Amino acid sequence: MKFLPARQALILAAFALLPGVGQAIYFHDKISWQSPIPRSELVSVDQARAWGENVTWVDARPDQDFARDHVRGALSLNEDRWNELLPQFLAGWSPGKKVVVYCSAESCDLAREVAERLRKEAQIPDVFVLEGGWEAWVKKNR
Amino acid sequence: MKTHILAFTLSITVCFGARAELKFDKTELELHPTPADKQAVGHFTYLNTGKQPIHFKSVKASCGCTAAQSQKDEVKPGEKGEVTATFNIGDRTGTQVKTVTVETDDAANPKTVLTLRTIIPQQLEITPTFVFWKQGEKPDPKAITVKVGKEFTVNHIKVTSSSPDFQTKVEETGKGEFKIDIQPKETNSLLASTLTIQPEDSPKVFYATARITGAPTAPVAPAAPPAPVAPKAPTVPSSPAGQTH
């Protein structure tokens with residue numbers, strides 16, 4: 001009788017755990033608290049700015065967003081027109097130069113996808129994704 | 001003790017019983033467009049199983065490349081309908097997963113996330129799509145590997161260099177693979193070339209870039225950027241100056 005509340009609490013906790021375990025198994029490849037971008041491939045606005053002229057900025061957003069505004073000197077490179085835009089990016093790239101790709105916000109996937117294609121397909125080294133994207137850039141440059 | 005467990009089990013049952021009134025047949029769709037398709041369209045069909053009309057508040061796609069819309073604003077009880085998600089393929093490759101978030105005034109389930117998985121067939125996988133030599137570097141040939149996608153058969157490929165300053169040689173290495181050797185005539189000048197790679201009997205065109213790079217602050221003009229690919233009217237340089245295989 002003495003241990004009844006503790007037992008009840010344990011049983012309730014076990015019940016509560018079940019959906020969590022189910023979700024973790026079912027969604028094992030997209031657990032929300034795991035960032036799809038490794039920490040080493042992210043760069044903050046401050047750090048990227050500190051690299052100065054040694055950076056090629058890449059805007060992965062759609063054309064209309066790039067036309068509205070973008071980081072000064074950034075090149076547009078999105079997957080809508082990848083074949084057309086990639087040669088323009090490659091013409092401006094130099095060995096040893098870092099590449100910082102951004103899209104609109106922390107939650108957007110475009111920068112990660114463009115960065116991945118630059119690394120895998122074009123085999124460009126030192127490609128980073130801007131943490132917080134364009135929103136973070138605007139906040140820091142108000 | 002038994003009463004507590006019974007109460008807990010009942011509460012769980014009641015929770016599951018209060019299901020959404022707007023019921024989607026599937027919340028995840030897998031699409032397999034053909035290489036010629038420019039768009040992939042997913043139809044998420046639903047039924048209002050409740051007794052009250054349901055109103056859509058918003059239908060938003062996770063990416064600018066996907067347009068999503070509901071056919072109507074109000075769904076009457078017993079009425080069917082669909083949310084359409086149109087994914088613009090553009091120059092994307094591989095498996096693309098995009099989501100559409102549907103918000104309604106259905107109190108039991110105000111938000112539903114629909115997932116559109118599009119498997120884009122890749123006729124040729126080119127690695128790397130970019131080769132470069134530093135200015136003054138020995139002009140040794142560099143290799144580009146072309147791998148034919150599993151569901152395709154390609155016996156020959158045609159490679160065209162936009163610049164006569166780069167020579168190319170194509171070799172069939174078997175197992176659906178080709179090797180392109182590309183070599184600049186010299187590396188003292190800042191040169192660039194776009195390689196147009198086209199499978200035999202196919203309108204689809206693929207690209208790779210070769211460049212002689214200079215100092216970090218000395219970019220050269222883009223090497224004849226290719227026009228967007230039109231499946232029925234391939235864009236091949238009208239008078240290729242370089243090598244064709």
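Here is a short tour of this predicted model, stop by stop. Residues count from 1 along each chain as its sequence is written, and chains are lettered from A in the order in which they are written. Because the model is predicted, local features need pLDDT of at least 70 and side-chain atom pairs count only at pLDDT 80 or more, while totals for chains, interfaces and linings use all residues.

**Stop 1: strands in chain A**

Select β2 (55–59) and β4 (98–102) of chain A. Helices (H or I, at least four residues) and strands (E, at least two) are DSSP runs, numbered from the N terminus. β2(A) and β4(A) run parallel, joined by 5 bridges; strands pair if DSSP finds at least two bridges between them. Click A:Thr56 and you'll find its bridge partner A:Val99 in β4(A).

Why is β4(A) largely enclosed by the rest of the structure? It's because 4 of its 5 residues are buried. Buried means 20 or more other C-beta atoms within 10 Å of a residue's own; exposed means 12 or fewer, and partly exposed is in between, with C-beta atoms placed from the backbone.

**Stop 2: helix α5**

Select residues 110–120 of chain A. Among the buried ones are A:Leu110, A:Ala111, A:Val114 and A:Leu118. What covers the helix's buried residues includes β2, β4, β5 and α6 (133–140) of chain A.

**Stop 3: the core**

Color A:Val58, A:Val100, A:Val101, A:Ala111, A:Leu130 and B:Ile197: they have the most contacts inside the largest nonpolar core, which has 57 residues. Such a core is a set of buried Ala, Val, Leu, Ile, Met, Phe, Trp, Tyr and Cys residues joined through C-beta atoms within 7 Å. A second, separate core of 18 residues includes B:Phe56 and B:Cys63.

**Stop 4: the sheet in chain B**

Which strands make up the open sheet in chain B? There are 4, in the order β1-β3-β7-β5, with antiparallel pairing. The edge strands, β1 (22–24) and β5 (66–70), each pair on one side only.

Terms used
Two residues are in contact if their C-beta atoms, placed from the backbone, lie within 7 Å.
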